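Here are my notes on the model, as numbered points. Please read them with the structure open.

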Amino acid sequence: MSTMTLFDRLLTPAKPIPRKIEIGTGTVIALAILAAWSFLSYTGQIGEDFLPSPSGVWESFIEKLSNGSLQKHVGVSLVEIYLGFFLSSIIAIPIGIFMGGFRIVSAAIEPIVNFMRYLPVTSLIPLLILWIGIGLEQKVAVIFLGTFFQQIVMVSDVARRVQKDLFNVSYTLGASKRQIVTRVLVPATMPGVFDTLRVTMGWAWTFLVVAELVAADSGLGYMILQSMRGLDPAGIFVGIFVIGFLGLVTDMAFKWIKDATLPWTHAR
Amino acid sequence: MGEVSIENVSLSFTTRHAGKVTALDTLNLKIPDRQFAVIVGPSGCGKSSLLDVIAGLTEPTRGQCRLDGNTIGKPGPDRGMVPQSYSLFPWLTVQKNVEFGLSLNGVSARERTERASHYVNVVGLSGFKNAYPSQLSGGMKQRVAIARSLAVNPEVLLMDEPFGALDSQTRAVMQELLLDVWQKEKKTVLFVTHDIDEALFLGDVVYVMSARPGRVIDTIDVELDRPRDYQVVTSEHFIELKRRIMSSLHAEVDKAMALSQ
């Protein structure tokens, strides 16, 4: 192994690389993008009303922060997304587990779920506006409908893949059918449930912003739309960065909660 | 007590690609209490199906199994199962895996811990009490599976090629460990394998099964002294029995190959 040069190592598939190089490469790429952006904006290659400069975005961010508008929009969006996502998850997870665990449940609801799953939730937005207006309830409904059916299908796949041997062994240890569900099926699906939540949370952000772009009077999507109307690309950039940042934090939180509540998934 | 009798058991089922399959055909066996019985046979001969029937996981098409005279219906803790795939609960530590069966039946926490610790000790894993299955080697996982089934104090231990996935050194160690445990615990064991050496090393009696449909074609009493160690495999009696099993199995393996073509 020692005869392998660093260069060789970097170009070998699946080979681990030194930590320093791993971090360094990521940093260099990020800095390169920032440099290209700075070059294009500060030298006037692209106009300020088209591509804002990094400092312009920063100033816009500080301004929105100091007049409190950013906090307000972030607050509205967070309430909408967490409420919709939470409602969807607490109903979809048990349904998904039962659907994966019991053939009769999947026979009953799989056709409907699959039909609903292929309806793009964005196409339902006009109907939802007509029915429940443009307030919080509508955003929650969009997020709910967008994630709910996907979560059911993903969780049921996880539950269906639980090793049958685990059930058989449990029966021979004296488990009742109820105990098979509560003591084997449910814990066995938990890691997959977490992964499902992580993935669908990302989609929920998309649905939220779309819903806010279409019709809203507050929220990050609305803030972005207002910036567009005011020909303020820096404001749009602030919105985009904040959404990306919030998404990243949420994702890290999910990972952290999974590691803390399911220590066995990363025990080696 | 743990006397198992298998009376006229037949099992057939329908699969999509092979049509109707007869896995077991009018099988009769009587395994006395505390005997170590081994079934050898070509793969696909229905050995595992037979264990499933005794465990109560599969209902026989005809016939019945009895444990101490009582007809076997549903699975229960009187018949412990150790599958090849270990099937440990990955979310539980070694200790909690072994406690699992006890916790299902409302045994108090203190007694649970005590009994589980005892069996963790018996299989030599007290140093790994708090490890998760993903942190264990194959042999260690199978020891946990054995401890887990012993903890609920079954009459019979049903073992389905439990060491089939282990390397040969680990397998030898596990065989000796199993004999040791069996001698201490005095359970009836029904052990399924396709490894003739393993069958003779472990068993009081070895049943040779035919290719599908599974029938017992030879019954061999293994008259080797216990406790056995690894030197018995070179003894004359051992080799003679091995030759006998090989010759009856050889024809069956040919048949099994023909069946799967």
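1. Strands β7 (residues 156-160) and β8 (residues 188-193) of chain B pair in the parallel sense, over five bridges. Pairing here needs at least two DSSP bridges between the strands. Leu157(B) has Val189(B) as its bridge partner in β8(B). Helices (H or I, at least four residues) and strands (E, at least two) are DSSP runs, numbered from the N terminus.

2. This is a predicted model: local features need pLDDT of at least 70, side-chain atom pairs count only at pLDDT 80 or more, and totals for chains, interfaces and linings use all residues. Residues are numbered from 1 along each chain as its sequence is written, with chains lettered from A and ligands numbered from 1 in the order in which they are written.

3. The six strands of the open sheet run in the order β6-β7-β8-β3-β9-β10 (chain B), with mixed pairing. β6 (79-82) and β10 (216-221) of chain B are the edges; each has a single partner strand, so one side of each lacks a neighbour in the sheet.

4. Helix α4 (residues 138-151) of chain B packs on this sheet and touches β6 and β7 of chain B. Contact means C-beta atoms, placed from the backbone, within 7 Å.

5. Now the chain contact. Chain B gives 22 residues and chain A gives 15. On the chain B side, β6 and α2 (94-104) each supply at least two residues.

6. In chain A, the axes of helices α7 (residues 136-160) and α9 (residues 177-214) come within 8 Å and cross at roughly 150°. Axes are lines fitted to C-alpha atoms, for helices over the stretch in contact; angles run from 0 to 180 degrees between N-to-C directions.

Methods
Two residues are in contact if their C-beta atoms, placed from the backbone, lie within 7 Å.
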